Amino acid sequence: MHLFVSDQFRTMLKSLLSESLDEKLKILSDKMDVIKAETNEKMEAMKADYNEKIEELKGELHDARVEHEKLEKSHEKLRENSNKNCSTSINNTLLNHQGMNYLEQQSFLNSIRITGVPESPVKKDPETDKIIPEDVVEVVKNIAQKTGVEVREEDIDYARRLQKPKQQQNTAAPRPIEVKFTRNVIRQKVISSRKSLKGTGIGIHEILTKTNQTIYNEARDMAKHVEKAKSVWTWNGVCTILVEDGGKKIKYKVSTVEEIRKIADRHL
């Protein structure tokens, strides 16, 4: 009797455990199915999004290729036109440079530079012991008087020594003087009479732009090597070369170094 009850209990317990396990497995299987369905749904969404981005990238790549082809064609046209426009561009650049050079030279029309004028000895005020500046305006008036031109103080806008004072003034060359007159007519009179200073060591010169100074220097250098080139000077910034050839006197007004070289070749 005892054994029968024990077997019956065991059988019932086994049945209950089997039913519980089956139920739990079913629940677990259902959850797995749900997870699988959700995963598949997410994967499909990701795949669709991925495909959409791929299509977008393909479109952007296509647009980039089209734009690249347009740029290539545009570059080719520019390359074709560059040779045609090159000479025009160079001419325009030269014209702009010449225009700027002309305007800069115009700003010097009332000015001159004087060289070779000895500097006054340094003087001090006996009361304050301060150095008394050189009266450069008075120096300019005296030089003008030597040329026979009367220059008054009101005719001078400013007059100053260029560069800093040299330490050994007694041995160093005197600093040039830059003068700006209030009227061009005074400046022209002084320039015209500068030949009267020949032999004094004092020179009166036009103030030139960097370009015009280069042309003037090149012309003077040419005149040293070409016997027929007798004289070189500037007037209002324009450089002139006097050449005597075959009994004729020829004046050349030059504005480029190339023109000077052609003159030299012509009269060697």
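Ten is the number to begin with: the model holds 10 salt bridges, each counted where a side-chain nitrogen of Lys or Arg lies within 4 Å of a carboxyl oxygen of Asp or Glu. Side chains of opposite charge can pair when their charged atoms come close. The model on screen is predicted, with local features requiring pLDDT of at least 70 and side-chain atom pairs counting only at pLDDT 80 or more, while totals for chains, interfaces and linings use all residues. Residues are numbered from 1 along each chain as its sequence is written, and side-chain values use heavy atoms, with hydrogens and water left out.

**First stop: E178 and R113**

Select E178 together with R113, which form a salt bridge whose closest N and O atoms are 3.8 Å apart. This pair links distant parts of the chain, since E178 belongs to strand 5 (residues 177-181) and R113 to strand 1 (residues 111-115), 65 residues apart; helices (H or I, at least four residues) and strands (E, at least two) are DSSP runs numbered from the N terminus. E178 is buried, with a relative accessible area of 11%, whereas R113 is partly exposed at 25%. Here buried means under 20% relative accessible area, exposed means over 50%, and partly exposed lies in between, with a 1.4 Å probe and protein chains only.

**Second stop: R183 and D155**

Next, select R183 and D155, whose side chains meet in a salt bridge at 3.3 Å, N to O. R183 is in the loop between strand 5 and helix 3 (184-192), and D155 is in the loop between helix 2 (136-146) and strand 4, so that this pair, too, links distant parts of the chain, 28 residues apart. R183 is partly exposed, with a relative accessible area of 38%, while D155 is buried at 3%.

Now move to D245 and K228, a salt bridge in which the closest N and O atoms are 3.1 Å apart. Because D245 lies in strand 8 (residues 238-245) and K228 in the loop between helix 4 (210-225) and strand 7 (229-235), the pair ties together parts that are 17 residues apart in sequence. D245 is partly exposed, with a relative accessible area of 22%, and K228 is partly exposed as well, at 28%.

Select R161, which is placed in strand 4 (residues 156-161) and is buried, with a relative accessible area of 11%. Which side chain does the side chain of R161 meet in a polar contact? The partner is the side chain of E134, at 3.0 Å; a polar contact is a pair of N or O atoms within 3.5 Å, where within protein one must be able to donate a hydrogen and the other to accept it, and residues adjacent in sequence count only if both atoms are side-chain atoms. The side chain of R161 also reaches the backbone oxygen of R175, at 2.7 Å.

In strand 4, select D157 as well, a residue that is partly exposed, with a relative accessible area of 44%. The C-alpha atoms of D157 and V137 are separated by 9.4 Å, the two residues being 20 residues apart along the chain.

**Last stop: helix 1**

Finally, select E56 in helix 1 (residues 2-106), which is partly exposed with a relative accessible area of 44%.
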